[in-house]
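Good morning, and thank you for coming. Please keep the sequence and the structure in view while I speak.

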Amino acid sequence: MQASEESVTLRPATPDDEAFLLQVYAGTRSDELDGLGWDDNQKLAFVSMQFNAQRRCYPEADNKIILLNERPIGRMLVGATEDEILLIDIAVLPEHRNAGIGTSLIRNLLSEAAAAEKPVRVHVFKYSRAVHLYERLGFSTVSCDSAYLEMAWVPDDRSQLIIPYRMSPYVHLLESHLVPGIIQRGIFHQFTGEVLEPREGVRSLLFAAKLGNRVSFSEDDLTNLAEDGTQIRQLIEKEFLIPDGYDPLTPFVNQYVVRPLQNPALAYVSETGERLLVRTSMAHRVYSPRRDELPAIIEEKMTDIATRIFLLADGTRTLREIFHTPGLEGANILEEPGVRQALDFLTSPERQLIKFTPTTEDLGDPHKPCNTVPRNLYHSLRWDSQPHQGSSNSIIDFHLQGIEDAWWEFDLIETTVNHSFRFPNEALGGLDYGSRFCLSALKPELLPLVGRSDRLEVLEVGGGTGTFARSFIKEAKRVLNGAELNYHILDLSPALIESQRKLLAEFSPAIEHFQQDATRFDIPGHRFDLVIANEVIADFPTSLVRRNESTSDKAQGWEGEGAYYLERYDLSPEDAPDSFLVNSGAFEFLESAWRHLSPGGMLIVSEYGSATRYPKIGFKCKLLPLKEFLEMDDQVLILNANEEGILCLNHILGKYGMSLPYAVISSTEFDRQFQAISEQIGLAGVSFSPLRQGLHCGPEPGDFMVLIMTRPGS
Ligand SMILES: C[S@@+](CC[C@H](N)C(=O)[O-])C[C@H]1O[C@@H](n2cnc3c(N)ncnc32)[C@H](O)[C@@H]1O
């Protein structure tokens, strides 16, 4: 029988309809009551009670009988308020179901609702087939509890539906104390790795939500909240705020599972056959740690299910697909025993072993949320004597007095490109950094003095521990082919000069050391053919420049201590931000260095920065990327490991009498040394990427530029 051939109408219910209404109502609850093991009397008692309760709850509701060709076949109970329409119940006798009767009546109701510009709300038993009917009609789930879904349909203008939200249990509020005197706040989702910086107006709302309160908005409310509203929409889209009653894990079942590149955690199989996880805490991080502040290495057992997810989380499978692998099938993944616990374990802020992403496009980008492990930033500022006097003074003081242990500082804590490439590396044609730098610098086409003169005077500014000089000198002696090399090092730090003296004691003629500030150095009676400053100028003092809006002349439109340098060097940074820092120390240094250059002499400065974006190197002279200067092969696969990665690796390798230095290690080198043991212990979590992706230990060479200035004359 097709409903369209028949006449379906509605009429108000009367007291005579009571028995019929109870019969219809009982039919609507049969899905739920089947399987509870109750007999017919128990079911009838329960249904009568619920039927009466429903009527008491909605005394004002419009109670209608559904008629087919004038014969009662069902009921429809509809409530209406000023803001919405509530479809309390719609049911037809079983023999009239699946004929489209309910659907057409609901469609009529939706038309009335659209005319009145009101949303329609309904509660549906979670596992009933009616859920799909409502979905087809355009309803969506706004909340759910253990048995019922609350679904809503809104007219084209969704503006009036008020939806209650709560904070996902997988969301955390973060505070960063990295910059002295400033607290930065973030909100972080442990399943996606997304971090948002909440606007001030949104923050109090988030605190309320964190305390378990519901926060409710309509689209209109969000629009009225302007930028705060836009951010709240983002928080909803990114699953930070979820509809009340909604399972926070549901959206992730069909997302790809990824092991974040930044996480140093590794897994291996112990001698007794257990799968063990080796990690550091991702819940906080100590910057510039002292020796006794190195992160603790934690070794812990993983459950079978957590191990499977961890090992298969390579970004090629969704959570659902992981469960389709042999041994892990399951119809409803989230109901599988142990899965929720495994996900809690793997994503806890302390571990962050896996992340979820809806698209695999982000996998290659190390800075995308799925590859990062946001950490609560507790900064143990070791040199924070005058935090409010600006950073410049404390950096000078740090170099004068703050460095206690040169090797600790440069090999592990503030690694320079030079230190991370202190061992011969495939990416540098089998050379270490200082040797490769020397080869590039002493090319006769760059420095014509090489080959013409029988003596080369070199000044290295900011020599660090002395490793750069050691490699440079060894290589220079070879390149210079008998010509004399006089090497000098200028540095501010007594501890580093001491380290340089020890390391370079073997060389003859002896290295000359000067303890001076490079921004105003003066070495009377000396002229140099080559002055090198490798990763030094970023340590120099800076001065603030602000755009002066009141000046009409653009060229004159800068004020602040640093404006002097813009004028003096004729820099016109039209594209600059409204305020920025000028590296005033670098200008002073360049002038001092220029005065000390012999005719035809050359100055090479390497530092992070860019020619086109800030911080910007603003000279019109030869400026080239460091990778080009060193002819670095950036396709070489490099171990992705920060210092914590090396600590975790060494924890495992140490059990087999092996270890790795904290330096850039190529994949070939790693395999040469550790392949046999990696295979034996099923080492998992170690990853390699081409050098240009920049996640290997130490700084990213692609961020560095080289400035070359040659003094005229011969
Ligand atoms: C980041 S390290 C670089 C060390 C080395 N060039 C390398 O690449 O490994 C900076 C060096 O510059 C020195 N330095 C920093 N500020 C200085 C200043 N104002 N005058 C002289 N040396 C300074 C530090 O003591 C340190 O030796």
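The model is a predicted one, in which local features need pLDDT of at least 70, side-chain atom pairs count only at pLDDT 80 or more, and totals for chains, interfaces and linings use all residues. Residues are numbered from 1 along each chain as its sequence is written.

Let us begin with the sheet. Seven strands form an open sheet with mixed pairing, in the order β24-β23-β22-β25-β29-β33-β30. Strands are DSSP runs of E with at least two residues, and helices are runs of H or I with at least four, numbered from the N terminus. Two strands pair if DSSP finds at least two bridges between them. The edges are β24 (512–515) and β30 (622–625); each has a single partner strand, so one side of each is left without a neighbour in the sheet. Strand β23, residues 484–491, runs parallel to β24 and is joined to it by four bridges. Within this pair, His488 stands opposite Glu512 of β24.

We turn to the ligand. Which residues are closest to the ligand? Of the 21 residues that surround it, the closest are Asn418, Gly462, Gly464, Leu492 and Ala518. Here, a residue is near a molecule if its C-beta atom, placed from the backbone, lies within 6 Å of it.

Finally, Arg317 lies in strand β19, residues 314–318. Val257 is 60 residues away from Arg317 in sequence, yet their C-alpha atoms are 6.3 Å apart in space.
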